[in-house]
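This report walks through one protein model, from overall make-up to single side chains. Keep the structure in view while reading.

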Amino acid sequence: MADVTRRLHLRHLRGAPTSWVSHTAGGKVRAQGTGLSFWYRPLTAVLSEVPVDDRELPLLFHARTEDFADVTVQATVTYRFSDPAAAASRLDFSIDPYRGRWRGQPLDQVATLLAELAQQPALDVLARVPLAEALTTGIAPVRQAVADVLAGDPRLTETGVTVVSARVVAIRPEPELERALQTPTREQVQQDADRATYARRANAVQQERAIAENELQSKIELARREQQLVEQRGANTRREAELDAESQLVATRGEAERQAVAATAEAEAARVRDDARAAGARAVGLAEAEAEAARLAAYRDLPPAVLQSLALKELAAHVPAIGELTVTPDLLGKLIGRLG
């Protein structure tokens, strides 16, 4: 809106770069253009202000499809006043010279006109297509129809309005119908989610089975290695026992051989001793025999009396000691008789 300030009985208007202002006094145009700033007398001045910037107009209207389904069309129309002088001459854009505000609602009139012009082609297009097609591919045809009608409408051209763009944001059915239409998709999505869940569970089970199999294989391999270790230990123990037995056998054989050699030596020594003893005994026997033979030879030539004396002597040497001897005349007579 224009900025109006007061100086005594005069007013000063300062416009904006996006506002077209017209000042008429006495039926003559005093000033006209965008971004103007001037003094005027409020009692004689007629002022008009038309915005020349782009304006966004949101539209929301209902339509019915070929299969009698109600839908809501949400669209946005961007427009601007390309000919503000024509717009000021066709619509009431006059402003209060004291406050700088519009006396009427010119933008509402433009919005109503654009809404009516945009609804008609949209209703015509949607009335010829079923609901499913309208929801899936109906936005582009509706947008094109609305843009074509707004661009070629003579009333907008005469009013100085130029439609910059027309956009159809969404076409939506009633909430209950929308939920019903979304049910198959939701069910499909749920089924896909369930399949994904089942696949994930199956994959998890498969992974757990693989892990369990790996653990079992590890245990089997560990048990096999333990068995190999036990067998190897047994073989080592058996080998040690065999080596110990062989060592003991060798030691025993050596000891037996040593004992055999010792026994042989002892037997040989005993035989030698026995032979020596036998030889000595034979030599002694021979010597004794020779001595006895010599003695006997010596005794052979002796007289009997001498032999008796020697016998008595020998007997006396072997008779125990006699403490007391009684000699009778008979014994002595016999002895003398023998000696004689």
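## Overview

Of the protein's 340 residues, 24% count as buried. Buried means under 20% relative accessible area, exposed means over 50%, and partly exposed lies in between (1.4 Å probe, protein chains only). The protein has eight helices and 10 strands. These elements are DSSP runs numbered from the N terminus: helices are H or I with at least four residues, strands are E with at least two.

This is a predicted model, in which local features need pLDDT of at least 70 and side-chain atom pairs count only at pLDDT 80 or more, while totals for chains, interfaces and linings use all residues. Residues are numbered from 1 along each chain as its sequence is written, and side-chain values use heavy atoms, with hydrogens and water left out.

## Confidence

The predictor's confidence in each residue is its pLDDT, on a scale from 0 to 100. The protein averages 84. A score of at least 70 is reached by 88% of the residues. Among the elements, β8 has the highest mean pLDDT, 92. Helix α7 (residues 304–318) has the lowest, 66.

## The sheet

Three strands form an open sheet in the order β7-β8-β10, with antiparallel pairing. β7 and β10 stand at the edges with a single partner strand each, so one side of each has no neighbour in the sheet. Direction ignored, neighbouring strands are turned by 20° against each other on average. Strands count as paired if DSSP finds at least two bridges between them. β7 and β8 pair in the antiparallel sense over 10 bridges. Ala-63 stands opposite Val-71 in β8.

Helices pack here too. α2 lies across β7, β8 and β10, running at about 40° to β7. α4 packs on the sheet and touches β8 and β10. The direction of α4 makes about 155° with that of β10. Such angles run from 0 to 180 degrees between N-to-C directions, with axes fitted to C-alpha atoms, for helices over the stretch in contact.

## The nonpolar cores

In soluble globular proteins, nonpolar side chains tend to be buried together. A nonpolar core is a set of buried Ala, Val, Leu, Ile, Met, Phe, Trp, Tyr and Cys residues joined through side-chain atoms within 4.5 Å. The largest core here holds 40 residues. Phe-81, Leu-114, Leu-126 and Leu-150 touch the most other members. At least two residues each come from β7 (55–64), β8 (70–81), α2 (106–126), α3 (131–137), α4 (139–152) and β10 (161–173). The largest share, 11 residues, comes from α2.

Take Leu-150. Leaving aside neighbours within four places in sequence, Leu-150 is in contact (heavy atoms within 4.5 Å) with Val-77, Leu-114, Leu-117, Ala-118, Leu-156, Val-163 and Ala-166. A second, separate core has 10 residues, including Ala-2, Val-21, Ala-31 and Phe-38.

## Thr-76 in the sheet

Thr-76 lies in strand β8. Is Thr-76 buried or exposed? Thr-76 has a relative accessible area of 15%, so it is buried. Beyond its neighbours within four places in sequence, Thr-76 is in contact with Glu-56, Leu-57, Pro-58, Ser-165, Ala-166, Arg-167 and Val-169.

Contacts across the chain can also be counted overall. Among contacts in the protein with a separation of 6 or more, 65% join residues 24 or more positions apart.

## Salt bridges

The structure holds 11 salt bridges. Each is a side-chain nitrogen of Lys or Arg within 4 Å of a carboxyl oxygen of Asp or Glu. One joins Glu-56 and Arg-167 (3.2 Å, N to O). This pair links distant parts of the chain: Glu-56 is in strand β7, Arg-167 is in strand β10, and they are 111 residues apart. Glu-56 is partly exposed at 49% relative accessibility, and Arg-167 is partly exposed at 36%.

Asp-70 and Arg-64 also meet in a salt bridge (3.1 Å, N to O). Asp-70 has 28% relative accessibility, so it counts as partly exposed. Another bridge joins Glu-242 and Arg-239, with the closest N and O atoms 3.6 Å apart. Both lie in helix α6 (residues 175–300), three residues apart, about one turn of the helix. Elsewhere, Glu-221, Arg-224 and Arg-225 are linked in a network of salt bridges.
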